[in-house]
Amino acid sequence: MDVVIGVVAGLLVLVIGYLLASVKMVRQGYQYTIEHFGRFTTVARPGLNFYPAFFYGVGQRINMMEQVLDVPQQEIITKDNAMVAVDGVVFFQVLDAAKAAYEVSDLFVAIMQLATTNLRTVMGSMELDELLSKRDEINARLLSVVDHATNPWGVKITRVEIKDIRPPVDIVNAMARQMKAEREKRANILDAEGASASEILRAEGQKQARILEAEGRKESAFRDSEARERAAQAEAKATELVSIAIEQGSAQAINYFIAQKYVEAVGKFATSPNAKTILFPVEATQLIGTLGGIGALAREAMGDHVASPPAPSKAAPPQVRGPFEPQDQ
């Protein structure tokens, strides 16, 4: 009886062990390939999977999450024979576990070698200036080439990024000098453009000033001409009136012309720039008489509306002597 119990217990243990060995627990983010006597049959999804032990086994455990592969530094000769050091990273994700497990021997090494060779091919066909200024274009070209090559392996290349491009020190120094010269050139061009614009504005301002000045002179000349015309008209009118008075036999009109010329002559003596002191005889009585004649002429021209001035006293006028006449003792 005890022997039977022991055999049953042993069989029970074997069954439990067999069941435990047949249960395959797959973690999230992974897939297992299941082989039947070494031949691939199916893929175990995340969770509990039952495959009879000894008949089915796990072939490879494939990581289905997006992974990063670091591409080591590479020495690349560019199209213009410049030696540069380049490194980068590749982001990829396995989409088909069976292909990733059985279509390529070592997935990581294969992707690494593929990225390295294409990195040399793409960047070696470009010049140094293009390498430094067209990283996005390089990344896009590498992504297209590597993704197309890894498609049969069930792998999707999501991104390819160039981390660093390090030219030689002498080339870096030459580029720094070139950049400095270019910036100085731009600064000189901007200074020249500023000076040119300043000269143009200054010339425009002078032009406008000359135009305004010419217009001012034109307006002034027009007004002077108008003033002279009016003065000439007034003079002509006065001359006409005096001529009419002379024709009518008025002595005051003759006195008007004499007094006018006399006053103009005296004024010229007073405004002479070369004369400091002038001594000449002045017949004051004749000048006063002439001015009186002018007043009488004005009264005759105006009519009776102008009041007659008071009659001068009959006292003898004061005797005016010239500067060279002898004085009374």
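**Close-up 1. Glu182 and Arg186 join their side chains in a salt bridge.** The N to O distance here is 3.8 Å, and a salt bridge is a side-chain nitrogen of Lys or Arg within 4 Å of a carboxyl oxygen of Asp or Glu. Both residues sit in helix 6 (residues 169-247), and because they are 4 residues apart, about one helical turn separates them. Helices (H or I, at least four residues) and strands (E, at least two) are DSSP runs, numbered from the N terminus. Glu182 has a relative accessibility of 35%, so it counts as partly exposed; buried means under 20% relative accessible area, exposed over 50%, and partly exposed in between (1.4 Å probe, protein chains only). A word on what you're looking at: this is a predicted model, where local features need pLDDT of at least 70, side-chain atom pairs count only at pLDDT 80 or more, and totals for chains, interfaces and linings use all residues. Residues are numbered from 1 along each chain as its sequence is written, and side-chain values use heavy atoms, with hydrogens and water left out.

**Close-up 2. Asp70 and Lys163 form a salt bridge.** Their closest N and O atoms are 3.4 Å apart. Asp70 belongs to strand 6 (residues 67-77) and Lys163 to strand 8, so this pair ties together parts that are 93 residues apart in sequence. Both ends are partly exposed: Asp70 at 44% relative accessibility, Lys163 at 42%. Val71 is also in strand 6, but it counts as buried, at 4% relative accessibility.

**Close-up 3. Asp147 and Lys156 meet in another salt bridge.** The N to O distance is 3.4 Å. Lys156 is partly exposed, with 36% relative accessibility. Side chains of opposite charge can pair when their charged atoms come close. The structure holds 10 salt bridges in total.

**Close-up 4. The largest cavity holds about 60 Å³ of space.** The cavity and pocket search runs on a 1 Å grid over the protein atoms alone: a cavity is a set of points where a 1.4 Å probe fits but cannot get out, while a pocket is an open set with protein on both sides within 12 Å along at least five of seven lines, and lining residues have an atom within 4 Å of a point. Grid points are joined across faces, edges and corners, and a volume is the space filled by probe spheres set on the points. By this rule there is 1 cavity of 30 Å³ or more. Its lining includes Val71, Gly88, Ala115, Leu142 and Glu161. Strand 7 (83-94), helix 3, helix 5 (135-150) and strand 8 (155-166) each give at least two residues to that lining. Sorted by type, the lining has 9 nonpolar residues, 1 polar and 1 charged. Here Ala, Val, Leu, Ile, Met, Phe, Trp, Tyr, Cys and Pro count as nonpolar, Asp, Glu, Lys and Arg as charged, and the others, Gly among them, as polar.

**Close-up 5. The second largest pocket contains about 150 Å³ of space.** Strand 5 (56-63), helix 2 (97-102) and helix 3 (107-124) each give two or more residues to its lining, and strand 5 gives the most, with 4 residues. Of the 13 lining residues, Gln60, Arg61, Ile62, Leu107 and Phe108 lie nearest the centre. The lining divides into 7 nonpolar, 4 polar and 2 charged residues.

**Close-up 6. Six side chains make a nonpolar patch on the surface: Val15, Leu19, Val23, Met25, Leu48 and Phe50.** Together they have about 600 Å² of accessible area. Patches are made of residues with over 30% relative accessible area and no salt bridge, with like charges joined within 9 Å and nonpolar side chains (Val, Leu, Ile, Met, Phe, Trp, Tyr) within 5 Å. The areas come from the Shrake-Rupley method with a 1.4 Å probe, and for residues only the protein chains shown count as cover. Helix 1 (2-22), strand 1 (23-26) and strand 4 (47-50) each supply at least two of the patch residues. Val15, found in helix 1, is partly exposed at 44% relative accessibility.

**Close-up 7. Phe37 has a positive phi, near 55 degrees, in a residue other than glycine.** Phe37 lies in the loop between strand 2 (30-36) and strand 3 (39-44), and is exposed at 59% relative accessible area.
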